Structure formats: structure tokens, C-alpha cells
Amino acid sequence: MTPSATITRTTEAPAILTPPRRRNGPWLWIIPSCPFCGSRHTHGAGRDGNRSGSRVAHCTTSSPKPSYRLTPITEANAA
Ligand SMILES: [Zn+2]
């Protein structure tokens, strides 16, 4: 492991994968508590709910904008 020249500002965000509310609607990632601002956010997860990975946090004004890695949890664990 060598130190990286670029500072990555990625942190983990617990996220709940939520099925479509409507037929043919998109799956959603619900982040109950954003690691940066503490608010609830949603991100699209695609039609199959298989789009995961990282998302840019749109709630901060810092530059470059930080991102978080979607960490799947169940609603029971959301506390
Ligand atoms: Zn936020």
C-alpha cells in the first residue's frame, strides 16, 4: 500500500434499496442520514435496482464535492 497522491473524500453511507412504488418505476437508494449533512437523500438505482457504487453528495458547497459509497442496509438496521 503506497500513499495516494490524490485525496479521496469517499466515505460510506448506509443506504436502503427501495423497490419501485409504481410499475416500471425506478428503484431508489434512500440514505436516511447523509454522512455529510445528516439529511435524508435519495438516489436512483436503475430499473433493476442494481446500480450501486458511489454517488456525489449534492448537499455540500465544498469543491471538489465529496462522494459516498452506498452501503446497503435493511430498514430494520436503519435505526
Ligand atoms: Zn447530504
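How many bridges join strand 4 to strand 5, and do these strands run parallel or antiparallel? The two are joined by 3 bridges and run antiparallel. Within this pairing, Arg-55 has Tyr-68 of strand 5 as its bridge partner. Strands here are DSSP runs (E, at least two residues; helices would be H or I, at least four), numbered from the N terminus, and two strands count as paired if DSSP finds at least two bridges between them.

The structure is a predicted model, in which local features need pLDDT of at least 70 and side-chain atom pairs count only at pLDDT 80 or more, while totals for chains, interfaces and linings use all residues. Residues are numbered from 1 along each chain as its sequence is written. The predictor's confidence in each residue is given by pLDDT, on a scale from 0 to 100. The protein chain averages 85, and 84% of its residues score at least 70. Among the elements of the chain, the lowest mean pLDDT belongs to strand 1, at 92, and the highest to strand 2, at 95.

The 5 strands form an open sheet with mixed pairing, in the order 3-2-1-5-4. Strand 3 (41–44) and strand 4 (54–56) stand at the edges with a single partner strand each, so one side of each has no neighbour in the sheet. Neighbouring strands are turned against each other by 40 degrees on average, direction ignored; the axes behind this value are lines fitted to C-alpha atoms (for helices over the stretch in contact), and angles run from 0 to 180 degrees between N-to-C directions.

The other pairings can be followed across the sheet. Strands pair through backbone hydrogen bonds, either parallel or antiparallel. Strand 2 (residues 28–31) pairs with strand 3 in the antiparallel sense over 4 bridges, and Ile-30 stands opposite Thr-42 in strand 3. Strand 2 also pairs with strand 1 in the antiparallel sense, over 3 bridges. Strand 1 (residues 10–18) runs parallel to strand 5 (residues 67–73), to which it is joined by 7 bridges.

What lies at the nonpolar core? Buried residues make up 10% of the 79 residues in the chain, where a residue is buried if 20 or more other C-beta atoms lie within 10 Å of its own, exposed if 12 or fewer, and partly exposed in between, with C-beta atoms placed from the backbone. The largest nonpolar core has 8 residues: Ala-13, Ala-15, Trp-29, Ile-31, Ala-45, Ala-57, Tyr-68 and Leu-70. Such a core is a set of buried Ala, Val, Leu, Ile, Met, Phe, Trp, Tyr and Cys residues joined through C-beta atoms within 7 Å. Strand 1, strand 2 and strand 5 each give two or more residues to this core. In strand 2, Trp-29 and Ile-31 form a covered face, whereas Leu-28 and Ile-30 form an uncovered one.

Leu-70 lies in strand 5 and is buried because 21 other C-beta atoms lie within 10 Å. Leaving aside residues up to four places away in sequence, Leu-70 touches Ala-13, Ala-15, Trp-29, Ser-52, Gly-53, Ser-54 and Arg-55; contact requires C-beta atoms, placed from the backbone, within 7 Å. Its C-alpha atom is 7.3 Å from that of Arg-55, 15 residues apart in sequence. Ser-67, also in strand 5, is partly exposed because it has 17 other C-beta atoms within 10 Å. Most residues other than glycine have a negative phi, and most peptide bonds are trans. In the loop between strand 1 and strand 2, Asn-24 has a positive phi near 70 degrees. Asn-24 is exposed, because 6 other C-beta atoms lie within 10 Å. In the loop between strand 4 and strand 5 lies Pro-64, joined to Ser-63 by a cis peptide bond with omega about 0 degrees.

Note on methods. Contact = placed C-beta atoms within 7 Å.
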